[in-house]
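This report describes selected residues and contacts in one protein chain. The sequence and the model come before the discussion.

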Amino acid sequence: MTRLTVTAAAVLTLISGCSANDTPPARPAGVSPAPHGSLHGKIAYSTRGGDIWEMNATGTGRRRITRSGSGTDFDPDFSADGRQIVFRTSRGRYAPDTQGIGLEGIFVVDARSRRERQIQPRTGGLFHAWSPDGRKIAFSGLPRRGGTLDTIHLMNPNGSQVVDLGPQGECATWSPDSSKLMYCSHPGDGNWAVWVMNADGSNRRQLTHPTLSEPAGAHGDYPGAWSPDGTRIVYSSDVNGDRELFLMNADGSDQHRLTRFRGADGAEAWLPDGRIVFAHFHGDESLPHWYLIRADGTQLRSLPQLYGAGDPIDWLP
């Protein structure tokens with residue numbers, strides 16, 4: 001496929017200068033790869049084969065961490081020290097998901113020894129997230145008091161002391177200081193919005209208020225990542241049939257659009273140097289293309305070393 005050359009200035013013009021009626025390009029085209037010297041840390045990712053791998057951010061040192069066999073392992077998330085990975089899997093022992101929520105097994109694996117243990121409650125779980133301080137894992141599961149809609153829970157990394165925080169929701173994402181959780185919820189109307197609360201479940205606040213689009217439960221806003229200093233948030237939102245990246249302050253103010261491409265963009269990480277890692281899907285692609293972009297819309301770069309990686313990934317700086 002022929003690709004056009006696009007400069008950083010041209011990309012910024014596409015992002016910030018187009019009107020709502022302009023037709024966005026199919027995908028970022030002709031984007032230069034990010035220089036290896038600017039990439040630091042480790043990445044955990046899943047493959048089409050259903051296993052969890054890790055590698056250096058440059059693409060070197062690839063190691064298979066899990067062997068899923070006939071199952072599927074995905075959605076890896078590092079512990080703060082990078083020695084363990086929590087992931088979701090079709091393997092393990094959990095009750096049938098009669099509500100079709102997506103409840104499955106949640107395992108923790110030692111990245112060195114590859115020893116695994118199952119940690120989620122017997123009813124299963126999903127959307128797990130390891131706190132930056134390493135003390136807790138958040139996840140979505142069936143309410144402890146009974147019910148059919150999943151709520152946000154906390155548990156210790158070994159699966160003990162499960163606490164139901166109460167709010168119905170998914171996509172839990174920790175603030176950098178582990179004091180808050182951002183999550184997505186649709187309390188009754190089927191329209192997903194971004195919410196935030198304290199890590200103990202208190203002070204719940206709705207940050208975005210998208211317009212309801214049918215069918216209910218299929219549209220709205222979804223959390224992406226916190227900025228390294230915890231003052232801003234990147235999230236995704238539906239725009240004329242596409243899913244674009246938006247930015248806002250941590251209190252929900254100053255909401256504005258960051259990307260403008262046909263397809264679906266989802267933010268995975270906000271790196272210490274200010275760049276945002278995002279996945280871009282176009283059409284019926286089963287695997288995304290991966291990019292970096294700054295919060296001001298400049299320096300769009302591709303990440304070819306992530307070709308073949310499923311969404312989501314985890315990037316430990």
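A polar contact is a pair of N or O atoms within 3.5 Å, where within protein one atom must be able to donate a hydrogen and the other to accept it. By that rule, the side chain of Asp229 has a polar contact of 2.7 Å with the side chain of Ser227. A further polar contact, of 2.8 Å, joins the side chains of Asp229 and Thr231. Asp229 sits in the loop between β16 (221-226) and β17 (232-239). Its relative accessibility is 55%, so Asp229 counts as exposed. Asp229 and Gly61 are 168 residues apart in sequence, and their C-alpha atoms are 30 Å apart in space.

**Confidence**

The model is predicted. The average pLDDT of the protein is 90, and 91% of the residues score at least 70. Over residues 1-21 the pLDDT is below 50, and this stretch has 31 contacts in the model beyond near neighbours in sequence.

**Nonpolar cores**

The largest nonpolar core has 17 residues, of which Ile43, Val277, Trp290, Leu303, Leu306, Ile313 and Trp315 touch the most other members. Strands β1 (42-46), β21 (275-281) and β22 (289-294) each supply at least two residues of this core. A second, separate core has 15 residues, including Ala225, Val234, Leu245 and Leu258. In soluble globular proteins, nonpolar side chains tend to be buried together.

Apart from neighbours within four places in sequence, Leu303 is in contact with Ala34, Leu39, Val277, Trp290, Tyr291, Leu292 and Trp315.

**Asp314**

Asp314 lies in strand β24 (residues 314-316). A polar atom of the Asp314 side chain does lie 2.7 Å from the backbone nitrogen of Phe78. Beyond four places in sequence, the contacts of Asp314 are Lys42, Ile43, Ala44, Pro76, Asp77 and Phe78.

**Salt bridges**

The model has ten salt bridges. Side chains of opposite charge can pair when their charged atoms come close.

| Pair | N to O distance |
|---|---|
| Arg64 and Asp51 | 2.5 Å |
| Arg91 and Asp73 | 2.9 Å |
| Arg88 and Glu104 | 3.2 Å |

Arg64 and Asp51 meet in a salt bridge. This pair links distant parts of the chain, 13 residues apart: Arg64 is in strand β3 (residues 63-64), and Asp51 is in the loop between β1 and β2 (52-56). Arg64 has a relative accessibility of 26% and therefore counts as partly exposed, whereas Asp51 is buried, with a relative accessible area of 8%.

The side chains of Arg91 and Asp73 also form a salt bridge. Arg91 lies in the loop between β5 (84-89) and β6 (105-110) and Asp73 in strand β4 (residues 73-78), so this pair ties together parts that are 18 residues apart in sequence. Arg91 and Asp73 are both buried.

For Arg88 and Glu104, the salt bridge has an N to O distance of 3.2 Å. Because Arg88 lies in strand β5 and Glu104 in the loop between β5 and β6, the pair ties together parts that are 16 residues apart in sequence. Arg88 and Glu104 are both buried.

Salt bridges also link Lys42, Glu54 and Arg63 in a network.

Val108 is in strand β6. With a relative accessibility of 0%, Val108 counts as buried. Its C-alpha atom is 6.4 Å from that of Phe87, which is 21 residues away along the chain. Not counting residues up to four places away in sequence, Val108 touches Gln84, Ile85, Val86, Arg115, Glu116, Arg117, Ile119, Trp130, Ile137 and Pro157.

His186 lies in the loop between β13 (180-185) and β14 (193-198). Is His186 buried or exposed? His186 counts as buried because its relative accessibility is 16%, and the limit for buried is under 20%. Again leaving out residues up to four places away in sequence, His186 touches Gln168, Asn191 and Trp192.

Notes:
Residues are numbered from 1 along each chain as its sequence is written. This is a predicted model: local features need pLDDT of at least 70, side-chain atom pairs count only at pLDDT 80 or more; totals for chains, interfaces and linings use all residues. Side-chain values use heavy atoms; hydrogens and water are left out. pLDDT is the predictor's confidence in each residue, from 0 to 100. Contact means heavy atoms within 4.5 Å. Helices (H or I, at least four residues) and strands (E, at least two) are DSSP runs, numbered from the N terminus. A nonpolar core is a set of buried Ala, Val, Leu, Ile, Met, Phe, Trp, Tyr and Cys residues joined through side-chain atoms within 4.5 Å. Buried means under 20% relative accessible area, exposed over 50%, partly exposed in between (1.4 Å probe, protein chains only). A salt bridge is a side-chain nitrogen of Lys or Arg within 4 Å of a carboxyl oxygen of Asp or Glu.
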